[in-house]
Amino acid sequence: MVQGTTSDAGKTTLVAALCRLLAQEGVRVVPFKPQNMALNSAVTADGGEIGRAQALQAIAAGLQPHTDMNPILLKPSSDTGAQVIIHGKARSDMNARDYHAYKPVAMQAVLESYQRLQTRYESVLVEGAGSPAEVNLRERDIANMGFAEAVDCPVILVADIDRGGVFAHIIGTLACLSESERKRTVGFVINRFRGDISLLEPGLKWLEEQTGKPVLAVLPYLHGLFLDAEDAVETTQAARGAFRVVVPVPPRISNHTDFDALRAHPEVDLQLVGPGQPIPPADLIILPGSKNTRGDLDWLIANGWRETLLRHARYGGKIIGICGGYQMLGMTVADPHGVEGRPGVSQGLGLLDIATELTREKRLEQVSGTCAFADAGVSGYEIHMGTSEGAARSSPVFMIDGRAEGARSDDDHILGTYLHGLFDTPSACSALLRWAGLDSDVTVDTAQLREASLQRLADAARPLLAALRALPDYQA
């Protein structure tokens, strides 16, 4: 099991790298994360929903993502509440206190998935969540040491040296663990190192003397990786072109990996705009998915986006809404059952002639089809709770398995769709950008970029795999 001293220490990438290395050796290896909290998710081949990070790790292992790889997924809908997804299906919405009481039930789902994976694979690589040093969450823990203790799993601890204070992170984490948990921690990985390794060596020696445990590897800082983000919004871009694409970042933005292909496009200047930031001029504005459509719609209006969008449309600018963003573009968003926390109806932005009703049932499906306005194929996935109907639906965006999907305005300046991953197919990305005003033959192959990055990770992690195999109790 890979645990971290902090969030974003490198747990996800380390598991992905080891999955790739073992798979290349012919080992039947599978990734596993007992509990994930993230708004970036993926639809699995068995029709469920898991964290995006586990889908990435599955690709690294040469597998189709499956719900057993991430049996518990929490999708926050507010600062204190989240949708609880078990074995790929939404079970209920809970506040933090209720979920804490529910953890023994969740642990049974975790152990069921783990046991199924154990029977099918030679090696299970487990990723922790956050940090095991969060002492307020130790009771009934299912995400870190609670799971490791339950299945008697050895642990390696990874720390990010680029943050600073790496030795304090490691020593402090160990100090927060019980004696049995410290014993099962077999060594450390220092991640994202850059500089002269000889200057670090005295610190490594001190750490090993203080803890009696080895530093298994020091991994380099790898620049320019193209990997699906687990949750945090990535604001950097590989290249900045002349075509300006602007995306607001509301509090409950979901599946912002939709924009990865645009971030990597050499002719696109992708700008993600958070609260309090000025809204820059744009050729194309994209409203992203949301885990709380009405709440994020309120945020957009409070932050001046309604006026910006209306002005942008009035002067001929193009707008795309994806999933929750699609719903916001319509006339109304009704939530009669309170699936997002509060029953009621919100007035939409009024840019598409559709009305949306949120429903209790979530649509989860991998889909493929063609663009309705261009000769281009598309593939992606749907994750949404709600249906949208109205006159704009007579001008669809895609034809998916023979059905019309999405809606376009009468002047063809506004486009809305429930399809996530719509830019990941190169032909669809080109068609959508051409619709928006960028006439270019340049394409971005996100699958190829991801594969190259996974291989870079694996190559960098080879010393770690060798060090693990040198441990006395190594079994894989």
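Mentor: Let's start with a caution: UniProt annotations may be inferred rather than shown by experiment, and their positions are given in the numbering used here. The structure itself is a predicted model.

Trainee: Which residues does UniProt list for "domain: CobB/CobQ-like glutamine amidotransferase"?

Mentor: The UniProt record, an unreviewed entry, gives residues 244-425 for that domain. In this model the end C-alpha atoms of that span lie 20 Å apart, and the span is 16% helix and 37% strand.

Trainee: What makes a set of residues here the largest nonpolar core?

Mentor: Members must be buried residues of the listed nonpolar kinds, joined through side-chain atoms within 4.5 Å. The largest such set has 58 residues, and Val245, Leu262, Ile286 and Phe423 have the most contacts inside it. Helix H12, residues 426-436, supplies the largest share of this core, 7 residues. There is also a second, separate core of 43 residues, with Tyr102, Val124, Val126 and Ile170 among them.

Trainee: Which residues is Ile286 in contact with, leaving aside its neighbours within four places in sequence?

Mentor: Contact needs heavy atoms within 4.5 Å. By that test, and with those neighbours set aside, the partners of Ile286 include Val245, Leu262 and Phe423. Other contacts of Ile286 include Phe259, Ile320 and Ile322.

Trainee: How do you know that Cys371 is in no disulfide?

Mentor: A disulfide needs two cysteine sulfur atoms within 2.5 Å. The nearest cysteine sulfur to that of Cys371 belongs to Cys429 and is 10 Å away, so Cys371 is in no disulfide. Cys429 is in no disulfide either, with the sulfur of Cys371 as its nearest, at 10 Å. A search of the whole structure finds 0 disulfides.

Trainee: Why does Cys371 count as buried?

Mentor: Buried means under 20% relative accessible area. Cys371 has 5%, so it counts as buried. Cys429 has 3%, so that residue is buried too.

Trainee: What makes Glu49 and Lys362 a salt bridge?

Mentor: The rule asks for a side-chain nitrogen of Lys or Arg within 4 Å of a carboxyl oxygen of Asp or Glu. In this pair the closest N and O atoms are 2.9 Å apart, so Glu49 and Lys362 form a salt bridge. The pair links distant parts of the chain, 313 residues apart: Glu49 is in strand S5, and Lys362 is in the loop between strands S21 and S22. Glu49 is buried at 1% relative accessible area, and Lys362 is buried at 15%. By this rule the count comes to 29 salt bridges.

Trainee: Why is Arg116 called partly exposed?

Mentor: Buried is under 20% and exposed is over 50%, with partly exposed in between. Arg116 has a relative accessible area of 36%, so it is partly exposed. Its side chain meets that of Asp68 in a salt bridge, 2.8 Å from N to O. This pair also links distant parts of the chain, with Arg116 in helix H3 and Asp68 in the loop between helix H2 and strand S6, 48 residues apart. Asp68, at 4% relative accessibility, counts as buried.

Trainee: Is Asp79 buried or exposed?

Mentor: Its relative accessible area is 76%, and the cut-off for exposed is over 50%, so Asp79 is exposed. Arg252, at 15%, counts as buried. The side chains of these two residues meet in a salt bridge, 2.6 Å from N to O. Asp79 lies in the loop between S6 and strand S7 and Arg252 in the loop between strands S13 and S14, so the pair ties together parts 173 residues apart in sequence.

Trainee: Which residues are linked in a network of salt bridges?

Mentor: That network links Asp8, Asp160, Arg163 and Arg192.

Trainee: Why is the aromatic pair of Phe32 and Tyr114 called tilted?

Mentor: Planes under 30 degrees apart count as stacked, over 60 as edge-to-face, and the rest as tilted. The planes of Phe32 and Tyr114 are 45° apart, so the pair is tilted; the centres are 5.6 Å apart, within the 6.5 Å limit.

Technical notes:
Residues are numbered from 1 along each chain as its sequence is written. This is a predicted model: local features need pLDDT of at least 70, side-chain atom pairs count only at pLDDT 80 or more; totals for chains, interfaces and linings use all residues. Side-chain values use heavy atoms; hydrogens and water are left out. Buried means under 20% relative accessible area, exposed over 50%, partly exposed in between (1.4 Å probe, protein chains only). Helices (H or I, at least four residues) and strands (E, at least two) are DSSP runs, numbered from the N terminus. Rings of Phe, Tyr and Trp (its six-membered ring) pair if their centres lie within 6.5 Å; planes under 30 degrees apart count as stacked, over 60 as edge-to-face and the rest as tilted.
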